[in-house]
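Please look over the model first.

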Amino acid sequence: MCGIVGFIGKRSCIETLYEGLARLEYRGYDSAGIAVLNRGEIAVEKTEGKLALLKPKLAALPQDATRGLGHTRWATHGAPNTTNAHPHVVDGIALVHNGIIENYEELKEELIKDGARFQSQTDTEVVLHLFAREMRKYKDVQKALASLIGRLRGAFSLGIMLASEPEALYLMKLGSPLVIGAGRGENYFASDAMALVAHTSRAMFLNDREYARITEDTVDVWTFAGQKIETRFIELDISSASVEKQGFRHFMLKEIHEQPRVLAAMAKRFVDHDAKALRVKEMGLEGLQLDRVTSIAMVACGTAHYSCLLGKYMIEGSAGIPVSVELASEFRYRDPVLDAGTLVIAVSQSGETADTLACIKHAKERGCQTFAICNVKMSSIPRECDATLYMECGPEIGVASTKAFTAMLLAQFLFGLALGQKRGKLKGAALEAKFTQLRALPALMDHAIDGKEPIQKVAEKYYEAANFIYMGRGTSYAIALEGALKLKEISYIHAEGYAGGELKHGPIALIDRHMPVVALAPKDHWYEKMVSNIEEVKARQGRIIAVGDPHDEKLRRLGEDFIPCVGLEDSGLAAIVSVVPMQLLAYYVAVRRGTDVDQPRNLAKSVTVE
Ligand code: M6R
């Protein structure tokens, strides 16, 4: 949450900082600000609300400034207003921060006693006053930083600019992501490499407990213990086109459309059809001792958690191994029964979700093997895990996750196959049948995306509804939960997902003639039971929006509305296809309601605070 950027070079920095912030706005959009240093003076412009509101204010900054910092905020401490917006400036020092300072209250008290005057309610200003005090004491940046390091508890990535040292910017990392970009005669830093790709492909991801000094031509990095380290630049494989909307009205719609290509690429990378085998090395599985695994615990948040609920069916079905699924925020604070035979799998698009990361640290302390299913390379969760399967679905910018969800599902499906094959549970014709169906998946996803029309009609009919219920059984249960989450997130309609069999244990009391009920009823193992649940809702005048096989006349008749969705024999793969109408329904309802689809209120793409 929060995005920070910095630039130092020989040309005007304002546009570059602004563009960088635009790439980071998915991380938070409560306020934005830019500070620049010019002729020994720091000038700052800030705004409450979205970055676009900052644009007109930037004319007030010295346009020839060649170094500066920027920030886009997701508010934690202090209201989302201009005073609390970063950069904060004290004593000719400007500072931007991503993360949380846990001991800010005690530090603030101490600093106030020392005479510090606070303008904002943020934990960030505490860091700045502390650093300014240490600068007054030591008159040396490195010594002041060393002292700061010793006092801060929590997670932070910091960018610091000093009027007294215009030739450099300083950055520090502990717990929140930070990447340095190397240009020609100019250098940059940001919370995410996406903010850099318009300018450079050479990047170095800082590790925790490292700090750096960057000038126009140099990058120096030290550990918090003060040991100078070799820089580790790599070539980024993100194209600047991949962070554009490419003609789509919203990133979310673009990302929905990318799914067939993403899944086809994953299948190609991870399956060797000639050898009729999984490519375990590419899947990252060589880094694990799979023979040791007696049970699996999956941890994740939000959409990633729902992917695991479906993953459980797929992995248990293929590999015959017990799988438990838990919200990361719950798992980390209890005392789960774990042993050396437990493989803990963290699933995360961003690889930065604080609770999921904490679970992995917890699991490692218990001697478990750890495996990540992630999208963002070099992010914190993969770096903490024994092995990682990278989905490589490209940057996901819409706050509501779409392509990462289906990629997570496919990753878990393939992981189940690999484990099943390894354990001798899955072989010969049964494995081949899975591969055959897998080959059909991208085309079916395309087909589902093309089937917009009935979904647009349903959106038009129900966009003013106050509530929605989604229901499904078996592998469709997770899709019902995900469908409800998508609708809540981007349309702000209250929606809940239920297992079909659970409705009569309470939620059926909500059903009346105003309640739209999206019923996922593919022709699978759970079909007959699901049809009974639909009948029960209908009997109470609930308005059924049935989603199922295009040739299912019975279902078509049962539903007040019908969304056709071609299935697959494998219920896991079929469920992957069936999330597409859920994504599109949420999207069209949100567009009709005029909400901010890509940046829904109160949310941020990556939740790096607990
Ligand atoms: O980056 P992660 O996959 O770890 O993120 C987990 C959740 O924060 C995320 O899935 C969130 O629920 C999305 N906004 C859902 O669309």
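How much space lies in the largest cavity? About 80 Å³. This is a predicted model.

## The largest cavity

The count comes to two cavities of 30 Å³ or more. Lining the largest cavity are V5, G6, F7, T16, L17, G20, Y188, F189, A195, L196 and H199.

By class, the lining of the largest cavity holds seven nonpolar residues, four polar and no charged.

The lining of the largest cavity, by contrast, has no charged residues.

## Helix 11 against helix 16

Two packed helices are described by the angle between their axes and the distance between the axes. For helix 11 (residues 428-450) and helix 16 (residues 571-593), the angle is about 10° and the axes lie 9 Å apart. Angles under 35 degrees count as roughly parallel. Helix 11 and helix 16 are therefore roughly parallel to each other.

Which residues meet in this contact? Helix 11 brings K434, Q437, L438, L441, L444, M445, A448 and I449. Helix 16 brings L573, I576, V577, V580 and L584. The contact residues divide into eleven nonpolar, one polar and one charged.

Conventions:
Residues are numbered from 1 along each chain as its sequence is written. This is a predicted model: local features need pLDDT of at least 70, side-chain atom pairs count only at pLDDT 80 or more; totals for chains, interfaces and linings use all residues. Side-chain values use heavy atoms; hydrogens and water are left out. Axes are lines fitted to C-alpha atoms, for helices over the stretch in contact, and angles run from 0 to 180 degrees between N-to-C directions. Helices (H or I, at least four residues) and strands (E, at least two) are DSSP runs, numbered from the N terminus. Angles under 35 degrees count as roughly parallel, over 145 as roughly antiparallel, 65 to 115 as roughly perpendicular and the rest as oblique. Contact means heavy atoms within 4.5 Å. Ala, Val, Leu, Ile, Met, Phe, Trp, Tyr, Cys and Pro count as nonpolar, Asp, Glu, Lys and Arg as charged, and the others, Gly among them, as polar. On a 1 Å grid over the protein atoms alone, a cavity is a set of points where a 1.4 Å probe fits but cannot get out, and a pocket is an open set with protein on both sides within 12 Å along at least five of seven lines; lining residues have an atom within 4 Å of a point. Grid points are joined across faces, edges and corners, and a volume is the space filled by probe spheres set on the points.
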